[in-house]
Amino acid sequence: MPQNKVTPPVADRTVRLVTLGCARNEVDSEELAARLETAGWALTDQPEADVVVVNTCGFIQAAKQESIDELLDAASSGAKVVAAGCLAERYGSQLAEALPEAQVVSFDDYPDIAARLDAVAAGERWAAHTPRDRRRLLPIAPADRPGATPDGVPGPVAAGLPPGPAPAEMWQNDIPDLPPGLAPASGPRVPRRRLDRGVTAPLKIASGCDRRCSFCAIPSFRGAFLSRPVSGLLAEARWLAGQGVRELMLVSENSTSYGKDLGNLRLLEELLPALAAVDGIAVVRVSYLQPAELRPGLIDVLASTPGVAPYFDLSFQHASGSVLRAMRRFGDAERFCDLVDRIRKACPAAGIRSNFIVGFPGETEADLEALQGFLDDARLDAIGIFGYSDEDGTEAASLPGQVDPAEIARRVEEVTSLADELMAQRSADRVGEISDVLLERRLGPGRYEGRAEHQAPEVDGITIVRGCADARAGDLVRAKFAAAEGVDLRGNLVETVSPVPR
């Protein structure tokens, strides 16, 4: 297969990429890195880079502030600074005016990101884009969107490629019919340069979201839902395996919608076994599942497919029916408990995590009690608690019954305390279980840090395994949990299930 030719780096063209936010942004940064490297920019992690690109997050107020702080910190080093990512896309010219220390790029600038940085290095400035609702850039009906045909033909085999950016040919047929100059939320599919050499990597299966939750602005700047064809995903998975990746973390704004615009609502159920069969991949994990869209067939595939982690990252957000209706979501504590029961019936050891918003407009003490009662009944493995904050342009920002910020903080503290206790109890309940564990880091002779099937990268706990004298990072082993420390577990090696290819 033809390889991309890397233009020799020019000494005075160094760029440092800073990634904030979710795993979807990690993929975007790796695609930007490949574009820049193939155009002659030298990637560096040193603070004295000529240009710093901050891939920002624009989800909630705390994330926006972190992005602004990072941009200001980069500018204080004397480097030229470029704001990319969600905050940049969402606010465009407004951000450029408020933060003259940085130049602002849109998702639509990603195909020409190297030229943009060339201009920055030369001291030029350009007018930042005017924000627009990206949901309107694609047809409302999923069936009318680009590439909306069933796709099941494997793409080019990428295993065995030497380290470096993935070949462009692996993505040349992904999203083929977008109008010139129009990029999907993360840019057209491009070569990817891994920036993290760990044994786990995110794999973006779709971009955008068609849901209309009243508190969320993401669809307006990430755009309408757009699935990636199976062929491109399989090709990228093979390439990642060739880079030493052992676990694929499937990411999107809503993974349960995967395939609806490709003419197949069950496509995720077909994709998962195909990815698990990729040579070198030991674990496939799915994130961002919507409870209202979680079909029985998908539960079965997640619970019983070899190589697919029985892990359910469910976006519950609350458990009070009235609060959920105000959020423009579905369900209540009873329905959610029934869903949890069905998952555990299919796989008793399944891992279940979720995030919840407290202090939503109109939330009463009775609503808060309903949420706490659900948490007590559901026995989730991982629980994230967030305080509500108004987001520009969302319906929730204008709802009556706004809760005082100090009261929101009190509720967050109260529910977080309960969540911590419940997660520790759930972890302790697992002592005596035997689980597959992906080893990630050697701690000392015979000791490795890893993650069990119910533990996703970064957001959940870890497992420390003893008895791994001959192990290597990337080995998938079976361990028996011997003790719990909060959400973290300690275990002893039972056997090696899938060693790293020697």
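Mentor: Strands are DSSP runs of E with at least two residues, numbered from the N terminus. The model is predicted, so local features need pLDDT of at least 70 and side-chain atom pairs count only at pLDDT 80 or more, while totals for chains, interfaces and linings use all residues. Residues are numbered from 1 along each chain as its sequence is written, and side-chain values use heavy atoms, with hydrogens and water left out.

Trainee: Is Val477 buried or exposed?

Mentor: Val477 lies in strand 17 (residues 476-485). Buried means under 20% relative accessible area, exposed over 50%, and partly exposed in between, with a 1.4 Å probe and protein chains only. Because the relative accessible area of Val477 is 1%, this residue is buried.

Trainee: How far apart in space are Val477 and Leu438?

Mentor: Val477 has contacts (heavy atoms within 4.5 Å), not counting residues up to four places away in sequence, that include Val437 and Leu439. Val477 and Leu438 are 39 residues apart in sequence, and their C-alpha to C-alpha distance is 6.4 Å.

Trainee: Which residue of strand 13 is the bridge partner of Phe356?

Mentor: Strand 12 (residues 351-358) runs parallel to strand 13, and six bridges join them. In strand 13, the partner of Phe356 is Ile385.

How values were computed: Helices (H or I, at least four residues) and strands (E, at least two) are DSSP runs, numbered from the N terminus. Two strands pair if DSSP finds at least two bridges between them.
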